[in-house]
Amino acid sequence: MAENKSKYDRQLRIWGEQGQAALERANICLLNCGPTGSEALKNLVLGGIGSFTVVDGSKVDVADLGNNFLVDTESIGQSKAKCVCAFLQELNDAVGAKFVEESPEALLETNPAFFSQFSLIIATQLAENVVLKLDRICRQQNVILVIARSYGLTGLVRISLKEHDVVESKPEHSREDLKLHKPWPELKRSVDDFDIDTEDSVIHKNIPYVVLLIKLAEEWRNMHDGMLPSTKEEQNQFRDLVRSKRRSSDEENYKEAWAASVSLWDPPGISSDLRNIIEDSSADVNSNSSDFWVLVAALKEFIANEGEGEAPLEGSIPDMTSLTEYYIILQKIYQEKAEADFLSFERRVRSILKNIGRDLDSIPSASIKSFCRNARKLRVLRYRSLEDEFSSPLTAELQRYLGDEDKSTAFSFYVLLRAVDHFATSYNRYPGVFDELWKYVRELDEDVSRLKTIGVGLLNDMGCVGANLSEDLISEMCRFGASELHCVAAFVGGIASQEVIKLITKQFIPISGTFIFNGIDHKSQQLAL
């Protein structure tokens, strides 16, 4: 483990030992190892996944040398899966590697059970009908599916699984859990020991802002029938109260208190997102429930009882202007309260496990503690199946995209990426792909017309009757000729690998819709389809 800590030092600072352990348990399957797939898997191998299997039935040809850095001139004529596998192992020999010299399409037909052994499958450069079949199989076998595709100067990434639960969502902007509006007795007693009107200037400018806000909130309540500021006018008046207590311009603690005062009038209780989670039908647990939903059931009980409408305290406090001794006192009070909340929460978890007939120790204490500390930030994502997406389009949302200047191009690319597959089914080749140069010159316009007809037909099927696609975009899709440009493949593959890490570690929030990259305008959008 010491070697791993040194090897993965930078990323351990992001997702921790628990996240790294999850990666090292992961068994990933890559379908097609062209540039998009190779770039995605390269990032994961460098990140230290446990093992991978590459599935690709093609041979390396000269064209691969121009867009795939994981093959070389000596690879020409050899199995692409074998060559890519060998190059990837050179990058990290601690990762287990296998390859299967068979096309994903054939494997889906002959051995669909093959896919059940994997934690996650990355499907790249697969046609719509193949991805549909794969999605059905993955959902039946509870295997996570990540779809990635690059096509000329565009590409997409799409996640498909029934449900994904995130404990450590790590939102970019989240208020500290300080319970300033509702201090518990131990915190209140400690705050009462401070005199914010002290004549000692050193102490006055080093009283932690947590203490200042709790003290001033009490002063405000005494003047306003026990109520905290609610209207905009009252909030401004409270800020003026904070400002009035400041004696000199170098009292940073009062600046911090002024900035953090907004946390006092945050709505009490839990967020609407967390409310939806604890009221989800899955929180009515039984012996078949996942650990996550058992923990949610315990959280629901805690909030209704010990928490008095609040989630367990996280227990950490931010850096702030303070004398060291004051900061340590506060830190200890918050840590002790968080530990008490955790012990109460853990008792409820064990009680629920007993009631549903499961081993009391089937959920480790470390997992319970992590859940408890992150309870305010839980997320549950549920993804539509591809079959639902194609057969039951969200017409109102799609029509809104067509009328949105920022998203209309992204949606058009989505339609055209589907249209080129329909084109290939009808004409046994992709638009703009010809075996002779003279055909490209003479027949490209005809391909544009054919692709337009197919694209408009798809729009009609989605309920967007009368809508049209940009002639320029249709022409560009034909001009792309189904090429995988390395720069686009690297970007799309990078996005895919980033989402895989989120899914495997259950940290951060993965994309919830279809990610579309527009390399022409250098933009990307996420569409809810």
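Two strands count as paired here if DSSP finds at least two bridges between them. Helices (H or I, at least four residues) and strands (E, at least two) are DSSP runs, numbered from the N terminus. This is a predicted model, in which local features need pLDDT of at least 70 and side-chain atom pairs count only at pLDDT 80 or more, while totals for chains, interfaces and linings use all residues. Residues are numbered from 1 along each chain as its sequence is written, and side-chain values use heavy atoms, with hydrogens and water left out.

**View 1. The protein chain as a whole.** Start with the overview: 21 helices and 10 strands make up the secondary structure of the protein chain. Its C-alpha trace spans about 90 × 50 × 45 Å along the principal axes. Of the 529 residues, 50% are buried (under 20% relative accessible area with a 1.4 Å probe, protein chains only; exposed is over 50%, and partly exposed lies in between). Take the contacts (heavy atoms within 4.5 Å) in the protein chain with a separation of 6 or more: 70% of them come from residues 24 or more positions apart.

View 2. Zoom in on strand 1 (residues 27-31) and strand 4 (residues 120-124): they run parallel and are joined by 4 bridges. In that pair, I28 stands opposite L120 in strand 4.

**View 3. Helix 3 against helix 21.** The axes of helix 3 (residues 35-47) and helix 21 (residues 486-505) come within 7 Å and cross at roughly 45°. That angle makes helix 3 oblique to helix 21 (under 35 degrees is roughly parallel, over 145 roughly antiparallel, 65 to 115 roughly perpendicular, and the rest oblique). The crossing is right-handed, the term for a near helix turned clockwise from the far one by less than a right angle, with anticlockwise being left-handed. On the helix 3 side look for P35, T36, E39, A40, N43 and L44; their partners in helix 21 include H486, G493 and I501. The contact residues divide into 9 nonpolar, 6 polar and 1 charged (Ala, Val, Leu, Ile, Met, Phe, Trp, Tyr, Cys and Pro are nonpolar; Asp, Glu, Lys and Arg are charged; the others, Gly among them, are polar).

**View 4. Helix 13 crossing helix 14.** Helix 13 (residues 291-304) and helix 14 (residues 324-355) have axes that come within 9 Å and cross at roughly 125°. These two helices are therefore oblique to each other, and the crossing is right-handed. Residues of helix 13 including V294, L299 and F302 meet a set in helix 14 that includes D341, F345 and R348. This contact holds 10 nonpolar, 1 polar and 3 charged residues.

**View 5. Around V166.** V166 is found in strand 7 (residues 163-166) and counts as buried because its relative accessibility is 0%. Leaving aside neighbours within four places in sequence, V166 is in contact with several residues, among them F292, K377, R379, F508 and P510. Its C-alpha atom is separated by 22 Å from that of L343, 177 residues apart along the chain.

Technical notes
Axes fitted to C-alpha atoms, helices over the stretch in contact; angles between N-to-C directions.
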